[in-house]
Amino acid sequence: MRAVVQRVSSAAVTVDARTVGAIGHGLLVFVGVEREDGPPDAEYVAGKIRELRVFEDPDEPSRHMNRSVQDVGGSVLVVSQFTLAGDCRKGRRPSFDEAAAPHIAKPLYEGVVQSLQASGLHVATGEFQALMQVSLVNDGPVTLLLDSRKRF
């Protein structure tokens, strides 16, 4: 499972001109599920999202990234994005052979969301398999890549 995590001042997802998810200060997370992924991958990604120390610590100004989204009372917006499983190494068109089929991907994506909610975080979501427009104000900018198989 792959994720792109961005520290944001605000973020929102719209589908057909209707806002389906929005947050203020927190993390925008795009999640891509691959064919071989399972519940442990979802839990790994959720744990990383929960615990990443990417926020300022007012008690230690010299440490620019010392607090987690939980520590700062932030929110998380989770958006499914199968294109994260795309392979661009060959040719000019990405291959999505490694992307999980929707019936496999959806429960794992929802597992990430549920794990974050269970930890007490305010979590908003996009709409699985919808054509979405995402707007955000990246704070920093801070953008990090996660991979449950630790390939990077």
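Predicted model: local features only at pLDDT ≥ 70, side-chain atom pairs only at ≥ 80, totals over all residues.
Local features were taken at pLDDT of at least 70 and side-chain atom pairs at pLDDT 80 or more, while totals for chains, interfaces and linings use all residues. Residues are numbered from 1 along each chain as its sequence is written, and side-chain values use heavy atoms, with hydrogens and water left out.

In soluble globular proteins, nonpolar side chains tend to be buried together. Here, the largest nonpolar core has 28 residues. A nonpolar core is a set of buried Ala, Val, Leu, Ile, Met, Phe, Trp, Tyr and Cys residues joined through side-chain atoms within 4.5 Å. Buried means under 20% relative accessible area, exposed over 50%, and partly exposed in between (1.4 Å probe, protein chains only). Residues with the most contacts inside this core include Met 1, Leu 27, Ile 49 and Leu 116. Six elements each supply at least two of its residues: strand 1 (2-15), strand 3 (26-32), helix 1 (39-51), strand 4 (75-80), helix 2 (102-118) and strand 6 (133-147). Helices (H or I, at least four residues) and strands (E, at least two) are DSSP runs, numbered from the N terminus. Helix 2 gives the largest share, 6 residues. A second, separate core holds 13 residues, among them Val 4, Val 13, Phe 30 and Met 132.

Most residues other than glycine have a negative phi, and most peptide bonds are trans. The bond from Gly 140 to Pro 141 is cis, with omega near -5°. Pro 141 belongs to strand 6. Ala 17 has a positive phi, near 65°. Ala 17 sits in the loop between strand 1 and strand 2 (18-23) and is exposed, at 77% relative accessibility. Phi of Gln 129 is also positive, near 70°. Gln 129 lies in the loop between strand 5 (122-125) and strand 6. Its relative accessible area is 61%, so Gln 129 counts as exposed.
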